[in-house]
Amino acid sequence: MSSKRLRRVGLGKGVLDCLSKNNIYTCKDLLSKTKLELLKFLGLSIYKVDEVVELCSKACAPKPRTSLELWNKRKQGCHFFQTSLPDLDKVLHGGIPMGTITEISGPAGCGKTQFCLMLSVQCTLPLELGGLAGNVLYIDTESAFSAERLVEIAQAKHRDLFVEDKLVELTSQVYVDTQQTCASLMDRLETIEEDIIRRR
């Protein structure tokens with residue numbers, strides 16, 4: 001079930017107020033309640049409660065699509081972030097897909113952390129240098145993030161660009177979020193969209 005916030009589902013203010021008084025803030029909270037409980041909380045007719053449940057269900061369960069639709073959508077609108085490693089970008093058919101969550105995995109010592117730090121630097125670069133001129137949310141599940149290594153990579157790859165002031169800017173554009181358990185990571189991934197929207 002989705003942890004999507006109910007205020008983003010399209011429910012009316014009165015319904016949202018009644019639900020929040022009963023500690024119901026997400027689709028998961030609402031869909032975990034029985035119709036009888038919702039009738040009591042909302043004070044609405046059974047038909048209106050059904051509409052609320054249906055709206056919430058549709059918000060967290062997207063309409064099924066065919067693989068052809070997904071393939072066509074990918075061909076038309078998928079943008080890729082180039083890693084600055086041409087051979088890897090070729091294997092990935094253009095780079096890392098943007099607008100998605102990408103998991104980097106592999107055995108210990110194979111360079112996952114180095115790769116993610118390099119991508120973090122790339123993301124903060126100006127557009128004219130192949131970057132995104134943006135911020136980075138670095139989710140660290142191994143407590144392996146090193147700000148010192150981030151700075152070293154930035155200076156090694158772009159010595160002229162990352163001087164003192166730019167290093168301060170770089171390090172303030174990379175947000176580090178440490179998650180130690182699978183459960184906390186999953187919880188974080190479910191709320192990440194709202195945090196990104198809030199920080200814009």
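The structure is a predicted model, in which local features need pLDDT of at least 70 and side-chain atom pairs count only at pLDDT 80 or more, whereas totals for chains, interfaces and linings use all residues. Residues are numbered from 1 along each chain as its sequence is written, and side-chain values use heavy atoms, with hydrogens and water left out.

The backbone of serine 84 adopts a positive phi of about 80°, although the residue is not a glycine. Serine 84 belongs to the loop that links strand S1 (80–81) to helix H6 (86–91); helices (H or I, at least four residues) and strands (E, at least two) are DSSP runs numbered from the N terminus. Asparagine 23, likewise not a glycine, has a positive phi of about 60°. This asparagine is located in the loop between H1 and H2, and its relative accessibility of 56% places asparagine 23 in the exposed class.

The domain assignment divides the protein chain into domain 1 (6–60) and domain 2 (103–199), the bounds being taken from an automatic or database domain assignment. A distance of 38 Å separates the C-alpha centres of domain 1 and domain 2.

Threonine 26 is placed in the loop between helix H1 (13–21) and helix H2 (27–31). With a relative accessible area of 11%, threonine 26 is buried. A polar atom of the threonine 26 side chain lies 3.1 Å from the backbone nitrogen of aspartate 29. Phenylalanine 41 is part of helix H3 (residues 35–42) and, at a relative accessible area of 21%, is partly exposed. When residues up to four places away in sequence are not counted, phenylalanine 41 touches Cys18, Asn22, Ile24 and Lys33, contact meaning heavy atoms within 4.5 Å. The C-alpha atoms of phenylalanine 41 and serine 20 are 9.7 Å apart in space, with a sequence separation of 21 residues.

Nonpolar cores were defined as sets of buried Ala, Val, Leu, Ile, Met, Phe, Trp, Tyr and Cys residues joined through side-chain atoms within 4.5 Å. The largest core comprises 20 residues, of which Leu119, Val121, Tyr138, Leu150, Phe162, Leu170 and Val174 touch the most other members. Two or more residues of this core are supplied by each of helix H7 (112–124), strand S3 (136–140), helix H8 (147–157) and helix H9 (164–173). Helix H7 provides the largest share, 7 residues. A second, separate core holds 14 residues, among them Leu19, Leu38, Leu42 and Val52. In soluble globular proteins, nonpolar side chains tend to be buried together.

Glutamate 152 and methionine 118 are 34 residues apart along the chain, and 10.0 Å separates their C-alpha atoms.

A search of the whole structure returned 1 aromatic pair. The ring centres of tyrosine 138 and phenylalanine 145 are 4.9 Å apart and the ring planes meet at 65°, so the arrangement is edge-to-face; rings of Phe, Tyr and Trp (its six-membered ring) pair if their centres lie within 6.5 Å, with planes under 30 degrees apart counted as stacked, over 60 as edge-to-face and the rest as tilted. Tyrosine 138 is buried at 9% relative accessibility, whereas phenylalanine 145 is partly exposed at 21%.

The structure contains 0 disulfides, a disulfide being a pair of cysteine sulfur atoms within 2.5 Å. For cysteine 110, the closest cysteine sulfur is that of cysteine 116, and the separation of 9.8 Å is too far for a bond. Cysteine 123 is likewise in no disulfide, its nearest cysteine sulfur, in cysteine 116, being 10 Å away. Cysteine 110 is partly exposed at 44% relative accessibility, while cysteine 123 is buried at 16%.

Key: Buried < 20%, exposed > 50% of the residue type's maximum accessible area, 1.4 Å probe, protein only. Polar contact = N/O pair within 3.5 Å; in protein donor to acceptor, adjacent residues only side chain to side chain.
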